[in-house]
Amino acid sequence: MYKRPMRPGTGIAAVLAAIVGLFTGQLFNWIDFVIVRPIANILFIITSIPIFTIGASISALYRITYEVHMGNDPFVIREYLQYFKENFKQATKIWIPSLILGGVWVSSLLVVLRQLDSSYSWMQYPIYILLVVLSFVIIYGFPMIAVFENTTKNIIKNLKKITDTKRFR
């Protein structure tokens, strides 16, 4: 009986190797999803306990998430703390004024909504606009701090450009 010679890369061994490779790739992706991200989130919660460090915590979490997304395999605890230290001053320079302005504007909004007469209800709309602009600063500012090296002044200039283009779309 004639047996046809097998081509390289075919047969049971090759199929099993492909299945095992697929399984281990999915297994490592699952381990990454189940272990790395919760560790980064727990670190974020711990480092955000003092309110003034929330900016640095957000930027460090963005950086770890960026590293994982780019396919790098970061040492989560060590690199999170490293990014936290690197971005602390710059993120705090943006976070503290944002926190103060947000608090003032939200308290003003509460005064307008709860204590003033209904004839002054129009005063809530400028406050909403200011809060939306502040949310743009928070949403786009900390990823810029996390990923790019730039001065605080240039980051604020870039944030102004980004919010101007996003506002009219």
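Visitor: At what relative accessibility does Tyr 128 stand, and how does Tyr 128 count?

Guide: Relative accessibility is read against two cut-offs: under 20% is buried, over 50% is exposed, and partly exposed lies in between. Tyr 128 has 37% relative accessibility, so Tyr 128 counts as partly exposed. The model is a predicted one. Tyr 128 sits in helix α4.

Visitor: Which residues form the nonpolar patch on the surface, and how much accessible area do they have together?

Guide: Tyr 128 is one of the members of that patch.

Visitor: Which helices each supply at least two residues of the patch?

Guide: Helix α3, residues 76-114, and helix α4, residues 124-147, each supply at least two.

Visitor: How do the axes of α3 and α4 lie relative to each other?

Guide: Two packed helices are described by the angle between their axes and by the distance between those axes. For α3 and α4, the axes come within 10 Å and cross at roughly 165°. That angle makes α3 roughly antiparallel to α4, because angles over 145 degrees are counted that way. As for handedness, α3 passes α4 in a left-handed crossing.

Visitor: At what angle do α2 and α3 pack, and how far apart are their axes?

Guide: The angle is about 135°, and the axes are 6 Å apart. The two helices are therefore oblique to each other. The crossing of α2 and α3 is right-handed, whereas α3 passes α4 in a left-handed crossing.

Visitor: How far is Leu 81 from Ser 57, in sequence and in space?

Guide: The sequence separation of Leu 81 and Ser 57 is 24 residues, and the C-alpha to C-alpha distance is 9.1 Å. Leu 81 belongs to helix α3. With 34% relative accessibility, Leu 81 counts as partly exposed.

Visitor: And how far is Gln 82 from Ala 60?

Guide: Gln 82 and Ala 60 are 22 residues apart in sequence, with 8.2 Å between their C-alpha atoms. Gln 82 is also found in a helix, namely α3. The relative accessibility of Gln 82 is 38%, so Gln 82 counts as partly exposed.

Visitor: How many salt bridges does the structure hold?

Guide: A pair qualifies when a side-chain nitrogen of Lys or Arg is within 4 Å of a carboxyl oxygen of Asp or Glu. The structure holds one salt bridge. The side chains of Arg 63 and Glu 67 meet in it, at 3.0 Å from N to O.

Visitor: Where do Glu 67 and Arg 63 lie, and how many residues apart are they?

Guide: Both are in helix α2, which covers residues 54-69. They are four residues apart, about one turn of the helix.

Visitor: Are Glu 67 and Arg 63 buried or exposed?

Guide: Both residues of the pair are buried. Tyr 128, by contrast, counts as partly exposed at 37% relative accessibility.

Visitor: What share of the residues of the protein chain counts as buried?

Guide: The share is 29% of the 169 residues.

Visitor: How many helices and strands does the protein chain have?

Guide: There are five helices and zero strands. Read from the N terminus on, the order of elements is α-α-α-α-α.

Technical notes
Residues numbered from 1 in each chain as written. Predicted model: local features only at pLDDT ≥ 70, side-chain atom pairs only at ≥ 80, totals over all residues. Heavy atoms only, no water. Buried < 20%, exposed > 50% of the residue type's maximum accessible area, 1.4 Å probe, protein only. Patch = residues over 30% accessible without salt bridge, like charges linked within 9 Å, V, L, I, M, F, W, Y side chains within 5 Å. Areas by Shrake-Rupley, 256 points an atom, 1.4 Å probe, with all protein chains shown as cover. Axes fitted to C-alpha atoms, helices over the stretch in contact; angles between N-to-C directions. Parallel < 35°, antiparallel > 145°, perpendicular 65-115°, else oblique. Left-handed = near helix turned anticlockwise from the far one by under 90°.
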